[in-house]
Amino acid sequence: MRHDPPRERDQPTPVIEGYPNTARRTPAAKLLRRPLPRLLTAGAAPAMPLASIDMAEAVPGKPAMGSRIMVQLRVVDEDGRGVPDAVVEIWHANAAGRYDHPADPARAPLDRHFRGSARVASDREGRLALHTIKPGAYPVPDSGQWWRPAHIHFSVLGRGAVTRLVTQMYFASDPMLEWDRIWLSVPDAQARARMVATQLPPHEAPITTDIERLVFTHTLVLRGREETPPA
Amino acid sequence: MIRRNAPPPSTAMQTVGPFFPSSLAEPALATLTREGHAGEAIWLTGDIADESGPFRNAILELSQADAKGRVAGDRGADKHFAFWGRAASDGAGQFAFRTVLPGPSADPAGPRAPCFELLILGSGIMRRLATCFFPPGTTQDPVLRCVPAALRPRLLLRDAGKRGGLRRLHATIRLHGADETPFFRD
């Protein structure tokens with residue numbers, strides 16, 4: 001596997017104005033260069049407890065509030081090859097914009113029928129389907145007047161720790177994207193656009209799909225590519 | 001090399017935010033040892049702080065070799081060892097892994113000293129931070145040699161006595177400021 005460093009303009013600027021934790025937690029010194037150790041490039045994704053669940057129905061038969069959605073995810077490497085057996089962790093706010101987390105100070109209500117997190121593995125082609133509800137936007141605590149647009153958090157572990165990806169997925173045609181300091185922290189417009197899911201027209205959704213779900217597709221690209229001999 | 005329909009580069013990183021759920025940092029992930037593992041079990045503990053004090057709910061991910069210096073996926077790698085773990089810091093910025101003292105390992109960059117690779121995620125960390133800690137007294141390691149000599153002591157673990165009968169090694173992690181921990185590009 002080759003692991004080229006990502007292009008600067010495709011990655012967020014580490015310090016974001018109006019987000020004080022970014023300044024407190026970003027090292028002042030330049031990051032040091034080192035050879036990438038085998039410890040970080042070898043081995044399959046760690047074995048972790050997995051559960052294929054419907055986040056929109058934490059209690060069977062009791063649907064959570066909100067628009068039911070399915071996200072058809074594909075995890076690929078930088079050659080576009082599907083990454084099998086990647087561990088994908090998902091967490092997001094409920095439809096009212098509240099996290100099921102003790103640190104969330106929002107006044108928006110909790111929804112006990114919504115399951116706020118999941119951990120699943122990709123199949124042999126790097127695919128997996130996520131069943132949940134569309135999260136709500138929420139005001140960032142102690143930030144003045146900054147709201148986060150609706151987003152889903154993804155944490156992905158592929159082959160070797162260096163492929164580790166932590167990102168967020170956003171929804172198309174959301175005016176709040178243009179006001180979000182975190183989404184805007186990625187300088188390259190195409191790289192930002194690649195964090196936005198594609199919605200399928202309902203009449204083009206896969207026939208096997210539960211019709212009571214809006215369907216989105218999204219691709220997560222992990223670092224690394226197979227060594228391909230020059231053509 | 002120009003390729004037609006070149007696939008897109010890796011997806012942009014984003015912060016985990018302040019609400020990384022405890023259900024994804026379950027205590028079992030902080031235990032890398034399984035019944036029957038080889039080598040000496042130890043506690044790898046640490047405290048993490050930012051410019052304003054202890055960092056609560058930092059997510060620390062550990063990658064290391066097994067007691068014989070084998071890396072995950074190597075032939076003969078210890079089946080009773082996890083090679084990877086995750087811990088979240090508490091309100092005092094403290095975290096702990098139950099693991100083994102790794103052996104020295106072979107690496108294309110040169111023989112590696114026993115070492116603990118750490119990846120740090122958390123609210124305000126837009127790009128994961130990577131660093132590496134070494135047992136007290138380590139001097140020879142190709143990664144440690146990339147660090148200016150004056151800063152190397154910051155990557156050495158401190159002997160912190162025993163905990164529950166096991167040797168305890170402690171990492172001090174400072175994300176920003178005068179006593180900042182050295183971090184690496186990865």
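How many helices and strands does the secondary structure of chain A come to? In this predicted model, chain A is built from four helices and ten strands. When these elements are read along the sequence, the pattern of chain A is α-α-β-β-β-β-β-β-β-β-α-α-β-β. The predictor assigns the complex an ipTM of 0.94 and a pTM of 0.95, and for chain B the pLDDT averages 95, with 97% of the residues scoring at least 70.

The overall dimensions of chain A were considered next. Along its principal axes, the C-alpha trace of chain A spans about 50 × 45 × 35 Å. A compact globule with 231 residues would have a radius of gyration near 17 Å, and the value of 19 Å found for chain A agrees with this. Of the 231 residues in chain A, 40% are buried. Among those contacts in chain A that link residues at least 6 apart in sequence, 72% join residues that are at least 24 apart.

A:Trp146 lies in the loop between β5 (138-139) and β6 (147-148) of chain A. Because 15 other C-beta atoms are found within 10 Å, which falls between the 12 or fewer of an exposed residue and the 20 or more of a buried one, A:Trp146 is classed as partly exposed. If its neighbours within four places in sequence are left aside, A:Trp146 is in contact with A:Gly18, A:Val140 and A:Arg181. A:Phe114, by comparison, is 32 residues apart from A:Trp146 in sequence and 25 Å apart from it in space, from C-alpha to C-alpha.

The contact between the two chains takes 64 residues from chain A and 56 residues from chain B. On the side of chain A that touches chain B, at least two residues each are supplied by α1 (20-24), α2 (38-41), β2 (87-91), β3 (117-121), β7 (151-157), β8 (165-170) and β10 (214-221) of chain A. The largest share of this side, four residues, comes from β8(A). Sorted by class, the side of chain A that touches chain B holds 35 nonpolar, 14 polar and 15 charged residues.

In chain B, an open sheet of four strands was found, with the order β4-β3-β6-β7 and antiparallel pairing. The strands β4 (84-88) and β7 (129-133) of chain B stand at the edges, and each has a single partner strand, so that one side of each is left without a neighbour in the sheet. From one strand to the next, the twist of this sheet averages 25 degrees. In general, the strands of a sheet pair through backbone hydrogen bonds, in either a parallel or an antiparallel manner.

Strand β6 (residues 116-121) of chain B is joined to β7(B) by five bridges, and the two strands run antiparallel. Within β7(B), B:Cys132 is the bridge partner of B:Glu117, while B:Leu129 is the bridge partner of B:Ile120. Although β7(B) stands at an edge of the sheet, five of its five residues are buried, so the strand is largely enclosed by the rest of the structure. In a regular strand, the side chains alternate between the two faces of the sheet.

Key. Residues are numbered from 1 along each chain as its sequence is written. Chains are lettered from A and ligands numbered from 1 in the order in which they are written. This is a predicted model: local features need pLDDT of at least 70, side-chain atom pairs count only at pLDDT 80 or more; totals for chains, interfaces and linings use all residues. pLDDT is the predictor's confidence in each residue, from 0 to 100. Two residues are in contact if their C-beta atoms, placed from the backbone, lie within 7 Å. Ala, Val, Leu, Ile, Met, Phe, Trp, Tyr, Cys and Pro count as nonpolar, Asp, Glu, Lys and Arg as charged, and the others, Gly among them, as polar. Two strands pair if DSSP finds at least two bridges between them. Axes are lines fitted to C-alpha atoms, for helices over the stretch in contact, and angles run from 0 to 180 degrees between N-to-C directions. The radius of gyration is taken over C-alpha atoms; the globule rule is 2.2 Å times the number of residues to the power 0.38.
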